[in-house]
Amino acid sequence: MHFFNYENGELKAEGVRVADLAREYGTPLYVYSAATLRRHFKAYDSAFAGLDHMTCYSVKANSNLSVLRLLAEMGAGMDIVSGGELYRALAAGVDPGRIVYSGVGKRPEEIRAALEAGILMFNVESMQELERIGEIASELGTTARISLRINPDVDPRTHPYISTGMKTNKFGLDMDASLAAYQRAKDLPGVEPVGIDCHIGSQLTSVEPFLEALDKILAFHDKLCDMGINIQYLDLGGGLGITYNEEEPPHPAEFGQALTERLGGLPLRLILEPGRSIAGNAGILVTEVVYTKDTPSKHFVIVDAAMNDLIRPSLYGSYHRIAEVVPAGREDLTVDVVGPICESGDFLARDRALPRVESGELLACFSAGAYGFSMSSNYNTRPRACELLVDGENVTVARRRETYDDLIAAER
Ligand SMILES: *Cc1c(COP(=O)(O)O)cnc(C)c1O
């Protein structure tokens, strides 16, 4: 997190004082660091320099156009999971030939749009989806490049909601079903199998589960070769974890080396779909203390950011480091940092040691660049936060704060 630093007693985002940003743009406020995004993308991408590969940033982690544009300019492809994300990626100028499309519920109009855009491939997650893509591609007089998403039944040892490669998960096809699906794909007009795909989960803090999955995929690849199906792409998904608190995830270089050892020499182009490891620690959420409230059992710090802005603590019980933007040097208290939403599940931190803060002071919630704004909502009719992209001394309003008019504009 070297681009969010304390200097002269206050937090800066690259060359800009966070307190100044809060004053000018209001709170809650997302602040992203362009230098951090670049550094993370470079670290990830260069970890695979020894392999023929393509890094397709996972749009859902942080889908702001300014972020997508910055990454696309660095050569990133994109992994999308909806027609909306396709629309965004194209609007950001991403080369369609570098877009892969994952997800269990692709609707016909979404499939059609992706075919018309000429994306690189679909990661297909069911037999019915395979048939549907074949039908639509045939109607359009084209052929859809596809991978089947294999569910390798590997435990990624992460939160159950973000484990995706176990046999009880809705994602992908098991090994046997996948073989049948490749067989079908081989004969089906309108589709051409070009790859194998898997994505076993998110916030993985060790390379072991990736390697376990890879071994299964490579064994599966041998079977495909035996069936006379020659593919070109091996998509291993995303999922590399980041440090929120005390996790010690592998550095991308370690991950890259482990994969390079196993994949070097294979005539396959590797696709990676990192999201969190690029954007997570490139963003903070800045919030102002509205009130403090002491009860016989708790000290509450009531802030103006809530679960609609950052749902991870409420949804997964996740930890986000929270610190004062301008440390006042008061003694620590054990507090709950809560938002204004009418749910007891609305908190950013529970039983957290934090210096005593006062109304009007600013807090920064770190590691909020991925699955922060992109999971935000308007619950309690709260306008979504402003997003800023800081690059050195330059500040871009990547998304202006929503207005009350925005909130009712689509209603009657
Ligand atoms: C969410 C997702 C990713 C990105 O996962 P991260 O943990 O953010 O790296 C990649 N691929 C697919 C299919 C996903 O659903």
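Trainee: How far apart do the C-alpha centres of domain 1 and domain 2 lie?

Mentor: In this predicted model, the C-alpha centres of domain 1 and domain 2 lie 32 Å apart. Domain 1 comprises 4–32 + 280–411 and domain 2 comprises 34–276, with bounds that come from an automatic or database domain assignment. Residues are numbered from 1 along each chain as its sequence is written; local features need pLDDT of at least 70, side-chain atom pairs count only at pLDDT 80 or more, and totals for chains, interfaces and linings use all residues. Side-chain values use heavy atoms, with hydrogens and water left out.

Trainee: What makes up the buried area between domain 1 and domain 2?

Mentor: Buried area is the accessible area (1.4 Å probe) that two parts lose on being put together, summed over both. For domain 1 and domain 2 this is about 2,000 Å², 52% of it on carbon and sulfur atoms.

Trainee: Which element gives the most residues to the side of domain 1 that touches domain 2?

Mentor: That element is β19, with four residues. Strands are DSSP runs (E, at least two residues) and helices likewise (H or I, at least four), numbered from the N terminus.

Trainee: Why is Glu129 called buried?

Mentor: Buried means under 20% relative accessible area, exposed over 50%, and partly exposed in between (1.4 Å probe, protein chains only). Glu129 has 6% relative accessibility and therefore counts as buried. Glu129 is placed in helix α6 (residues 127–139), and its side chain reaches the backbone nitrogen of Glu125 at 2.9 Å.

Trainee: How do you know that Arg112 and Glu139 form a salt bridge?

Mentor: Their closest N and O atoms are 3.9 Å apart, and the limit is 4 Å, so the pair is counted. Arg112 belongs to helix α5 (residues 108–117) and Glu139 to helix α6, 27 residues apart.

Trainee: What makes the pair Glu331 and Arg356 a link between parts of the chain?

Mentor: The closest N and O atoms of Glu331 and Arg356 are 3.0 Å apart, in a salt bridge. Glu331 lies in the loop between β15 (322–324) and β16 (332–338), and Arg356 in the loop between β17 (347–355) and β18 (362–365), so the pair ties together parts that are 25 residues apart in sequence. Glu331 is partly exposed at 44%, and Arg356 is partly exposed at 31%. Salt bridges also link Arg330, Glu331, Arg356, Glu358 and Glu361 in a network.

Note on methods:
Polar contact = N/O pair within 3.5 Å; in protein donor to acceptor, adjacent residues only side chain to side chain. Salt bridge = Lys/Arg side-chain N within 4 Å of Asp/Glu carboxyl O.
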